[in-house]
Amino acid sequence: MFSNTKEFKIAYLKKLEMTFGTSFDESTKREQFQTLGAMIREYVSSEWIRTNEQYRTVGGKQVYYLSIEFLLGRLLRHNLMNLGIESVVTEGLQELGIDLGDLEEIEADAALGNGGLGRLAACFLDSLASMNLPGHGCGIRYKHGLFEQKIVDGYQVELPEQWLRHGHVWEVRKTDDSVEVPFWGKVESYQENGKLVFRHLHAETVTAIPYDLPVIGYNTSTVNTLRLWSAEPSRFPANIDILKYKKETESISELLYPDDTHDEGKILRLKQQYLLVAASLQSIVRSYKKQNRSLIHLHEHVGIHINDTHPAIAVPELMRILMDEEGLGWQEAWSITVNTLSYTNHTTLSEALEKWPVRIFQPLLPRIFMIIEEINERFCQELWEKFPGDWGRIERMALIAHGEVRMAPLAIVGSHSVNGVARLHTEILMEREMNDYYQVFPDRFNNKTNGITHRRWLLKANPNLANLITDSIGPEWINDTTQFEKLLHFKKDSVFLERLGDIKKANKEKLAKIIYEKAGVSVDTSSIFDVQVKRLHAYKRQLLNVLHIMYLYNRMKSDSSFQPYPRTFIFGAKASPGYYFAKKVIKLINTVADKVNHDSHVNDKMKVVFLENYRVSLAEDIFPAADISEQISTASKEASGTGNMKFMMNGALTLGTLDGANVEINELVGEENIFLFGLRAQEVLNFQKNGGYNSREYYHYDQRIREVTEQLVNGFFPDTDGEFTAIYDSLLDHNDQYFVLRDFASYVAIQEKVNMAYQDQSMWLEKSLINIAKSGFFSSDRTINEYANQIWNIKPFKVNN
Ligand code: 26V
């Protein structure tokens, strides 16, 4: 299509005129962006077609990653980079007077996810394609992604997100591949040729329309597919209120995680999950059958991955297809199902473990419910034989109990592999949370420590650091992240370290500009950039971070000899719209920021910044600029964390608890190159099991704690009457479930160590270098290789062109 700048320019101008019927001089930035996007998509289409064709005819086993979230972010520069045409395009545009950076800003983030789980899915897609692995994503094309956050008067305000307003240039609508998905109705059974058959009658059907996105591998011909489903009305059934039906149908793919505090919201969420599963499985089976293969061998050619429990209905749905549509018997269908499916758990928090009331589940998905009942019956029978008389165990382990369908147990029983996402997390699953199941299926459980794509989070987000690495150790690290370790040769190389310091400084200046533009705060780029960016949740303890800032403020006000090294505390976080406590913490951060930033006694030494609307594209500017990575969850609560890995890869030092993947970070970099504090996971779990923690004691014995907690409620912050009572109560009346006060002293002490350490710049840069050098382990290429070899049994397949 084009192989040099000149050809690119000609093709680009022609495309722009043809698409928009306008001359280049008259065109808007948006038209210029859309033109470029459309061109790139066309550019990959022949490779996309070839990949699909060869997968169908000569390729081996393929895997499908079912996920209710894909947090893709922007795709323009990522795609250009992976295609290897970034410089041709940049130059061509430049010659036309266009800055690629400006066009990039036009693209809306595809924010079809909340946080870590969705971003992990996006990183995995990049690794699959870049390593020539036949792996595709299946998700939902939400009309509105995660809400846009505004901070008004210190409060979070949620605006509907509108990423599709101008269309999504990367997608292709595939009407001909649409499938029907039935809800409600009744199931009838009757005998046919001596066999019991089932029919789903009077169902309300919706049409699932797929929109395909190309997933372009780095420097390879592989183009995999992310298929996102959208719900539309089917042939309008007779005698119904058409408008109501249309609205109800379209609402299925309207919103990410609709509010599910009421039954109506619960029904909608369950509909979303079934839409994803039923549409994806039909489409997978359809394309499998095109290969003229019998479904008896499905698991030899197809793997289906259940990302958290949201797609766990894949277990009964695959059983339904194999039995009701393909006529297989139970035993045969069950063995194919278990061998095809695998499941990842992403959290042990009980409020996030899905359970559906039978009264909702059964009428909405009547045939699926029947199959779960049968799976449950047979499973409980097996348990009874294994543990005769142990009623308690059977009740704990049943898939349906106390009027609820339990999704995690369904996924465990119906999959051949169950994995956690970091070593500690997997241990906690096996030894505690899922120990009952581990005893029955010890071989199913395994660990796959998370990873991140170094192509987006280093090569793209931090080009200067990427260049320094390439200059120093050659470019092989891009395809093989074990090469990162070669950087260790430069530990004592002052020229290298100085360049590393300069790059960090430049990245901080870039972020400082953004901070000034977005938040109106000017920050000192020689201060320590101390960053906590992640979803807002009590267990992640943004509160501990703010209380420490309040303590520093108090001490600086009362003791003029106390002169800590200058710091900029940076926060970014969205709170779930119905999560009262989390929203109060956002208000508190902004209230403290206001106080600190306007107090001339302290504001040359410290600033507090809350960056609104934290999202993938903003994250790409934040990670490269951080000095300190705050990973301070209550030990045992964070399954893995992946932001911790992004910071590390960009040379920030971790300040954290021994939780999630911080455990592996610590092991890799060694205790001198990380700042650890706080309770260990085992201690937290013991307190939770046996009691013995009394937060009031810490309040009484630690004057610093007394002062900061009292300031939440004593008018210290003007016009905040009653504002922070819930926070105060959580700490003192509800015994501080997340051990904030218990870990406070240890947190203050480690922060003092950070102050000392930062003042020896060459030492600091050496630590930073060691972190980068050891971060290769956290490439999602490593993670995906483990999934491919140990769970999915898929092999790289080089597409021929
Ligand atoms: C989500 C929510 C949303 C509403 C408020 C309550 C609540 C509680 C927990 C969750 C977690 C959902 C699952 C999830 O996103 N887990 C994250 O998965 C990441 C990728 O494996 C992992 O790095 C994070 O530690 C884990 O929290």
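## A nonpolar surface patch

Patches are made of residues with over 30% relative accessible area and no salt bridge; like charges are joined within 9 Å, and nonpolar side chains (Val, Leu, Ile, Met, Phe, Trp, Tyr) within 5 Å. A salt bridge is a side-chain nitrogen of Lys or Arg within 4 Å of a carboxyl oxygen of Asp or Glu. Accessible areas come from the Shrake-Rupley method with a 1.4 Å probe, and for residues only the protein chains shown count as cover.

The structure is a predicted model, in which local features need pLDDT of at least 70 and side-chain atom pairs count only at pLDDT 80 or more, while totals for chains, interfaces and linings use all residues. Residues are numbered from 1 along each chain as its sequence is written, and side-chain values use heavy atoms, with hydrogens and water left out.

On the surface, V152, V157 and L159 form a nonpolar patch with about 200 Å² of accessible area together. L159 belongs to strand β6, residues 155-159; strands (E, at least two residues) and helices (H or I, at least four) are DSSP runs, numbered from the N terminus. L159 counts as partly exposed because its relative accessibility is 32%. The partly exposed class lies between buried, under 20% relative accessible area, and exposed, over 50% (1.4 Å probe, protein chains only).

## The residue E204

E204 is found in strand β11, which covers residues 204-216. Its relative accessibility is 28%, so E204 counts as partly exposed. Leaving aside residues up to four places away in sequence, E204 touches V181, P182, F183, W184, Y245 and E248; contact means heavy atoms within 4.5 Å. E204 and T249 are 45 residues apart in sequence, and their C-alpha atoms are 9.6 Å apart in space.

## Strand β13 and its partners

Strands of a sheet pair through backbone hydrogen bonds, either parallel or antiparallel. Two strands pair if DSSP finds at least two bridges between them. Strand β13 (residues 302-307) pairs in the parallel sense with β1 (residues 62-66) over 5 bridges and with β14 (residues 341-344) over 4 bridges. H305 of β13 is the bridge partner of Y65, and in β14 the bridge partner of H305 is S342.

Strand β13 is mostly covered, with 6 of its 6 residues buried. V302, I304 and I306 lie on one side, and G303, H305 and N307 on the other.

## An open parallel sheet

Six strands form an open sheet in the order β22-β21-β20-β23-β24-β25, with parallel pairing. The edges are β22 (606-610) and β25 (675-676); each has a single partner strand, so one side of each is left without a neighbour in the sheet. Strand β21 (residues 567-572) pairs with β22 over 5 bridges, and F571 has F610 in β22 as its bridge partner. Helix α22 (residues 580-597) packs on the sheet, touching β21 and β22, and its direction makes about 145° with that of β22. Axes are lines fitted to C-alpha atoms, for helices over the stretch in contact, and angles run from 0 to 180 degrees between N-to-C directions.

Further along the order, 4 bridges join β23 to β24, where T654 is the bridge partner of S629. Both faces of β24 (residues 653-656) are covered: L653 and L655 on one side and T654 and G656 on the other are all buried.

## An open antiparallel sheet

Another open sheet has 3 strands in the order β15-β17-β16, with antiparallel pairing. Its edge strands, β15 (355-357) and β16 (400-401), each pair on one side only. Strand β15 is joined to β17 (residues 404-406) by 3 bridges, and K355 stands opposite R406 in β17.
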